[in-house]
Each structure stands twice: as C-alpha cells, then as structure tokens.
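Q: Could we go through this structure together? I would like to start with the overall make-up and then turn to the details.

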Amino acid sequence: MAESAPKRLKTDAASSSSSSVLVGTHNGHFHADEALAVHMLRMLPAYRDSRLLRTRDPKLLEACHTVVDVGGEYDAQRNRYDHHQRGFETTFPGKQTKLSSAGLVYMHFGRALIAQRLAEEKFASAAPSSEEEIKVGEEESSSNSEDVDLLYNKIYESFIEAVDAHDNGISKYPRDALAAASIEPRFSSGGFTLGAMVGRLNPNWNDPKPADPEAAQAHEDSLFLTASRRIGEEFERTLDFMTKAWLPARSIVKTAFDARREHDAEGRILVLGGQSVPWKDHLYSLEEAEGKPSVLYVLYAEGTQPGAKWRIQCVPETADSFTSRRPLPEAWRGFRDAELDGVAGVDGCVFVHAAGFIGGNKTFEGALEMAVKALA
C-alpha cells in the first residue's frame, strides 16, 4: 500500500537542486547497517551531494538511483543493495558472515573508498588545484594494488563484518557449542557496540511526538542522519588509522622481523626501530607466511626523544587475546625500580606489570637483557 504524503521523506531537501542522485532506504526504526551504508556512499564524489529518501513505498523506491536495506533486491548493476529477501546468502570473499546493506555497499565500493583516501594523502602535500585530481571511482580502484587489497580485506574483517553479523543476528561464537561447554558470558557487551550506539539514537516509544505527521517524520529523519554521521565518523577514523598508521607500520615490522635473529638465534626477540608502531597484525601475517610463530617479546622505545625509556611487551597468542605466548617471569611481576633491579638482576628496571604482559627499562640494553633473561 502506498504511503501517505507525510511519510514521503524530504530529508536533505535543501540539497535537492544540487544533485539528481537520490539514495533510498527505509523509514521507521533504523539500524547500524543502513546508517553506515548511507555514510559510505556519501563519502564518494558521485554521492557527495546526494539526496536521501526514507520510505518503504516500492513506487517511490523505484525512482531512486540507489537503494539500501529495503526493496527486497540485490542487483549491483541497478544499485540495489538489500539483504532481507528469501534466499539471500551473499558473503564477503573468503568470509562466512552473511552481508548486511553495509557489507554490500562496502564490498562494491570499499576499494574506491580506500583508494580515494590513499590518493587524498598522496596529494595533500602537493595542494591539488581541484577535487578532480583526487577523485577515484570504483573502476579506477579495481587495479591490482597490493595496498588497496590488503586494506580492503583488513577493514572488512576489523570493522564491517561485525556490523553485518549484528544486523543478521549472528553470534560471535556458536551458541550450541557454548551451551554444551556450559560457558556463559561474564557481562553484557550490549552497550559497547556500534549497533547499540546507533540503536540509542532511535526515538523512544514514549517520547513526545509532534502532532503534525510531517514534523514527526522530519524529527525521525534528523535522528537517522545523526546516527549515520556518528557511525560514519567511527568508520572514517578506522579508515584514517589503517591508511595513515597501520599500513606504514608494515615495512617497519618487516624490517624488524627480518633482523630478529640479531638478538636471539631463534628469532624470539623483535626490536622495533624508533617508537612503537601497530605491530601485531603484521607480525602474525609474517609468521604465518613463514609457517610458524616464533616471536615472544617485542622491544620498542616509549618515544623518539633522546634518552627515551624502553618497553618489553609479550606477544599475545592472538591479536585480541589477553594470554601471552610467554609472560614475563612471575617473580618479577608487580615490582618497580630498584626493587625490581634486585629481583630481576638487571639494572635500570622501571616496572613489570602484575599480569606479566609488559615491562619497562630505562635503556634499550636493559630491556634487551630483561628479554634474554625471561627467555632463559
């Protein structure tokens, strides 16, 4: 049944004269996936000034250039990105999690978003004369760029997949296996997710509503745009971190990994030149390529200033694990300064954490000695 006039969204009506591109999604209760999908599209030049229509009316959706999370159709050729239809089982390459509208948009436009951000960084210092110099379309980013491909898969795994799973009701762990093992969560993480953040921006059932239906719809639309911006900011922070910090760290970790036997014949000590960089993902990837885990301790300076203290950090079993491959000796844990010097038999000690996963020394030589003694 066609929707009444008040439900025909006029979101971003002020920009209607600046663009003929109309993006459609559903009205009513909104979720993280379509909020993120809309934001990702609007990061691209072709959608930057797009208008937004929130409706469930099929006839109104037909007029949209792009439709996400509604319409019962997935057809990339026609820019239709819904995942609710019967028989939909599409996943990201190499993954098993069914895609949501966010995953669909990322799968088709993620490379363009990454290539665009890398191009923006490349041209930032050159002060490009126009936006045309940094525009990157989906076709342009489809080349075999190693960096783009690496980031494309990593960002899906570290950010987008959780949104897909949340929207499709997929648990991180198999429920039956957890029940069979009598494993129950120690606490609820419900308030600590992107989905919860977006969900809290929906109107409450008992919130006062404007008497005028159009005003009520406009209020709901404004909340959706706030949600889209909020989750979009988190995505862009992730994109910035991955392109500006995570990716450049790869070569630093690779250099340290290749030189790791300089300090231990078995290659169990990794020394990062300069200060710490995001090393875990890169280390695990390098070890996997070599066929076995080998590094137990990572050494790095606390800063780049002369005389900076050094840290010794234990490599965790997995990137998100709190269990170290080999914790620092139990006898050292919880001690500091001169007292720790006496316990460890190493000069210049600063601390060893009570959990044994990290410690510090005033010098590189002292941190290296701590690592060597911990290996023994």
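**Overview and details**

A: The protein has 10 helices and 10 strands; helices (H or I, at least four residues) and strands (E, at least two) are DSSP runs, numbered from the N terminus. This is a predicted model, in which local features need pLDDT of at least 70 and side-chain atom pairs count only at pLDDT 80 or more, while totals for chains, interfaces and linings use all residues. Residues are numbered from 1 along each chain as its sequence is written, and side-chain values use heavy atoms, with hydrogens and water left out.

Q: What share of the residues counts as buried?

A: Of the 376 residues, 43% count as buried. Buried means under 20% relative accessible area, exposed over 50%, and partly exposed in between, with a 1.4 Å probe and protein chains only.

Q: And what is the accessible surface of the protein?

A: The accessible surface comes to about 19900 Å², and 52% of that belongs to carbon and sulfur atoms. Accessible areas come from the Shrake-Rupley method with a 1.4 Å probe; for residues, only the protein chains shown count as cover.

Q: How many of the contacts join residues at least 24 apart?

A: Among contacts between residues at least 6 apart in sequence, 67% join residues at least 24 apart. Contact means heavy atoms within 4.5 Å.

Q: Let us turn to the sheet. What is the order of the five strands?

A: The order is β6-β7-β8-β10-β9, in an open sheet with mixed pairing. Its edge strands are β6 (269-275) and β9 (349-352), each of which pairs on one side only. Two strands pair if DSSP finds at least two bridges between them.

Q: By how many degrees are neighbouring strands turned against each other?

A: On average by 15 degrees, direction ignored. Axes are lines fitted to C-alpha atoms, for helices over the stretch in contact, and angles run from 0 to 180 degrees between N-to-C directions.

Q: In which sense do β6 and β7 pair, parallel or antiparallel?

A: β6 and β7 pair in the parallel sense, over four bridges. Glutamine 275 stands opposite alanine 301 in β7.

Q: How many bridges join β7 to β8?

A: Five bridges join β7 to β8, and the two strands run antiparallel. Tyrosine 300 has arginine 311 of β8 as its bridge partner. Arginine 311 is also the bridge partner of glycine 360 in β10, and β8 and β10 pair in the antiparallel sense over four bridges.

Q: Which strand is joined to β9?

A: Strand β10 (residues 358-361) is joined to β9 by three bridges, and the two run antiparallel. Valine 352 has glycine 359 of β10 as its bridge partner.

Q: Is β7 mostly covered or mostly open, and which way do its residues point?

A: Strand β7 (residues 297-301) is mostly covered, with five of its five residues buried. Tyr297, Leu299 and Ala301 point one way, whereas Val298 and Tyr300 point the other way. In a regular strand the side chains alternate between the two faces of the sheet. Strand β8 (residues 310-314) is mostly covered too, with four of its five residues buried.

Q: Changing topic to helices: how many residues of α1 are buried?

A: In helix α1 (residues 32-42), 10 of its 11 residues are buried. Among them are Leu36, Val38 and Met40.

Q: At what angle do α1 and α4 pack?

A: The angle is about 140 degrees, with the axes 9 Å apart. α1 and α4 are therefore oblique to each other; angles under 35 degrees count as roughly parallel, over 145 as roughly antiparallel, 65 to 115 as roughly perpendicular and the rest as oblique. The contact is made by Ala32, Asp33, Leu36 and Met40 of α1 and Phe159, Ile160, Val163 and Asp167 of α4.

Q: How do α4 and α7 cross, and which residues meet?

A: The axes of α4 (residues 146-167) and α7 (residues 213-258) come within 10 Å and cross at roughly 135 degrees. That makes α4 oblique to α7. Residues of α4 including Leu150, Leu151, Phe159 and Ile160 meet residues of α7 including Phe235, Leu239, Met242 and Trp246.

Q: Last topic: which residue between β4 and β5 is found in the loop, and what is its phi?

A: Asparagine 79 is found in the loop between β4 (74-75) and β5 (80-81). Asparagine 79 has a positive phi of about 60 degrees although it is not a glycine. At 16% relative accessibility, asparagine 79 counts as buried.

Q: And serine 182, buried or exposed?

A: Serine 182 counts as exposed, at 64% relative accessibility. Serine 182 lies in the loop between α5 (175-180) and α6 (194-199), and its phi is near 55 degrees, a positive value in a residue other than glycine.
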